[in-house]
Amino acid sequence: MGRGSKSESESDSNGWSRARGLVVKTLVLIGGAILLKRFTKSTTRWDHARIVARSLSGEKFSREQASRDPDNYFNIRTLTCPATEMVDGSKVLYFEQAFWRTPQKPFRQRFLMVKPCPKDLKCDVEVSSYAIRDVEEYKNFCDRPRDQRPQPEEVIGDIAEHLTTIYLKRCERGKRCLYEGSTPPGGFPNSWNGATYCTSELTILKNNEIQPWDRGYDDDGNQVWGVKAGPYEFKPAPASSFNGMFSPLSFPASQPMEKRIEGSFVLQE
């Protein structure tokens with residue numbers, strides 16, 4: 001009888017061990033499934049658009065690049081902020097560029113509309129630039145208190161001529177960038193400085209640095225405006241060192257500033 005009780009005890013022990021093992025395996029499988037779902041959760045089309053809009057926003061400077069290569073690049077300040085949202089959810093940003101010495105006098109002002117690419121295109125986000133009906137009314141828009149800016153409903157009415165659209169794709173794993181893309185082949189019409197069309201490229205890095213490269217060409221394919229050496233590198237301005245961003249840069253005196261400006265930028269049209 002004692003031997004029978006011992007066998008029954010061993011049998012119960014083995015049964016509990018198997019049950020515990022089954023429970024542990026089940027928990028591991030459930031936990032793994034939850035983690036897998038979390039890690040493989042797909043980013044929606046609107047998530048991509050929000051990431052791009054957020055990355056474009058803020059104050060950025062090309063100070064480091066201008067210090068490194070003053071013959072080809074200026075220290076430019078770009079300032080971008082939300083302006084309104086369209087009925088379909090598209091984000092409208094106000095964008096301006098100015099020379100570091102005169103941030104209150106932007107030479108380029110645009111609206112940027114950020115939204116997901118149409119499903120039939122092989123891209124994630126499209127960024128379209130638009131002219132502004134009254135640029136004077138929008139100068140230093142982002143620097144002003146909200147109650148002193150044109151209101152969201154006014155912004156929609158002030159979106160003027162479509163200028164360009166850049167189609168961005170999420171960068172492959174292992175690359176420094178988040179998104180990169182360009183205008184379609186053939187670019188968009190442009191008449192500044194003898195151009196007939198223009199092209200744009202844009203790379204957004206993981207540190208929110210943006211690298212735009214805008215160029216204009218004539219009928220013969222000759223570049224007539226824009227930097228030839230490569231894209232600008234606009235890096236976010238550290239909030240703690242804002243004043244340091246305005247330290248003087250030494251540019252060669254042999255080349256007139258006006259001439260260099262003509263070759264690098266499309267000024268306000």
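1. In this predicted model, R170 lies over the face of Y179, at 5.5 Å from the ring centre. A charge counts as sitting over a ring if NZ of Lys or CZ of Arg is within 6 Å of the ring centre and within 35 degrees of the ring normal. R149 is placed over the face of F141, 4.9 Å from the ring centre.

2. On the basis of the numbers: residues are counted from 1 along each chain as its sequence is written. The model is predicted, local features need pLDDT of at least 70, side-chain atom pairs count only at pLDDT 80 or more, and totals for chains, interfaces and linings use all residues, while side-chain values use heavy atoms, with hydrogens and water left out.

3. Rings of Phe, Tyr and Trp (its six-membered ring) pair if their centres lie within 6.5 Å; planes under 30 degrees apart are stacked, over 60 edge-to-face, and the rest tilted. This rule gives 11 aromatic pairs. The ring centres of F74 and F99 are 5.4 Å apart with planes at 75°, so the pair is edge-to-face. F74 lies in the loop between α3 (63-68) and β2 (76-85) and F99 in strand β3 (residues 91-99), so the pair ties together parts 25 residues apart in sequence. Helices (H or I, at least four residues) and strands (E, at least two) are DSSP runs, numbered from the N terminus.

4. F74 is buried, at 2% relative accessible area. Buried means under 20% relative accessible area, exposed over 50%, and partly exposed in between (1.4 Å probe, protein chains only). F99 also counts as buried, at 18% relative accessibility.

5. The rings of Y94 and F141 have centres 5.3 Å apart and planes at 45°, so the pair is tilted. Both residues, Y94 and F141, are buried.
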